Amino acid sequence: MFNPTDFPTPSLISVNGVTLEVFEAGRQHAGNPIVLCHGWPEHAFSWRYQIPALAAAGYHVIVPNQRGYGHSSCPTEVTAYDIDHLAGDLVALLDHYGYEDATFVGHDWGAMVVWGLALLHPNRVKQVINLSLPYQERGAMPWIEFMEQCLGSDYYFVHFNRQTGVADAVLEENTSRFLRNLFRKNEPLREPEPGMAMINLARAETPHGDPIMNDSELAVFVSAFEATGFTGSINWYRNLDRNWYILAEVSPIIRQPTLMIYGERDAIPKSEKLQAFVPNVTVANLDCGHWIQQEKPEETNEIILNWLAQLPTA
């Protein structure tokens, strides 16, 4: 397990109209940047096992708490969390460091942002490494509308959008229990419960499976969300249909060399059309659930570093 006191000390950097809390390592490797983008409901700390390994391999590792998280800005306007703003933060971060482009790594919602960044600003993305969430095809119907038809009003993406503020309040009232119950592995198969999954997790007395981190590690996440609440981070979900419209005129093909890492036991399904939209993709699989880089840190590092090492040097 990781000692939280070993994590880098952050800097507060003003970019794109917000302030981002940014953690760094390997500054001596300036010129070889790699940017790690966390998911929901996470924190830059979710990359604690990858940061030292990438720095040791010769990378300038840049790990922001994205807007809505940690000590980064939490704008009040919902539209401030659309893909234009989230991708714009990363572009502005590159500008801050004087980089034309970088390798971007995303997990969960961070992967969604990296996919969007590569579509909106392809010249700023050198390579893509995404974990858990494969490329999401922009279909004929806005995403939330489509999910509501297919998965119902209790599906948490839909609930976040249709019942604004309800889940935010429940998660805030039960922050420690929610995160304790969420960050698990080796969960036994069980029948889906009625109701909204995230609210159920926040209220559940007993967690399933095994914890993916010790108490001191979990405390980093708990203290961060006790300070911010969940609304800023949930607002990312409230822009999915807005993002659908923003991406309407953009070429849907990811041209960069891409590594996609799946967890074999992740509830998020693998993409059957990945190659069609990401033609230069390499796929890797690990025997784990959703929290890939925290469940299998050494294996994740090995896959990433081996893939980066075999890329042609410019």
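**Entry 1: E295**

I began with the backbone nitrogen of H290, which lies 3.4 Å from a polar atom of the E295 side chain. The backbone nitrogen of G289 is 2.9 Å from a polar atom of that E295 side chain. The model is predicted, so local features need pLDDT of at least 70, side-chain atom pairs count only at pLDDT 80 or more, and totals for chains, interfaces and linings use all residues. Residues are numbered from 1 along each chain as its sequence is written, and side-chain values use heavy atoms, without hydrogens and water.

**Entry 2: C288**

C288 is among the residues that E295 touches (heavy atoms within 4.5 Å), leaving out those up to four places away in sequence. I searched the whole structure for disulfides (cysteine sulfur atoms within 2.5 Å) and found zero. The closest cysteine sulfur to that of C288 is in C37, 19 Å away, so it is too far for a bond. C288 is buried, with a relative accessible area of 2%.

**Entry 3: aromatic rings**

I found 25 aromatic pairs in the whole structure (ring centres of Phe, Tyr or the six-membered ring of Trp within 6.5 Å). W40 and F178 form a tilted pair, 6.1 Å centre to centre with 50° between the planes; under 30 degrees counts as stacked, over 60 as edge-to-face and the rest as tilted. W40 and F178 are 138 residues apart. W40 is buried at 3% relative accessible area, and F178 is buried at 0%.

Conventions. A polar contact is a pair of N or O atoms within 3.5 Å; within protein, one must be able to donate a hydrogen and the other to accept it, and residues adjacent in sequence count only if both atoms are side-chain atoms. Buried means under 20% relative accessible area, exposed over 50%, partly exposed in between (1.4 Å probe, protein chains only). Helices (H or I, at least four residues) and strands (E, at least two) are DSSP runs, numbered from the N terminus.
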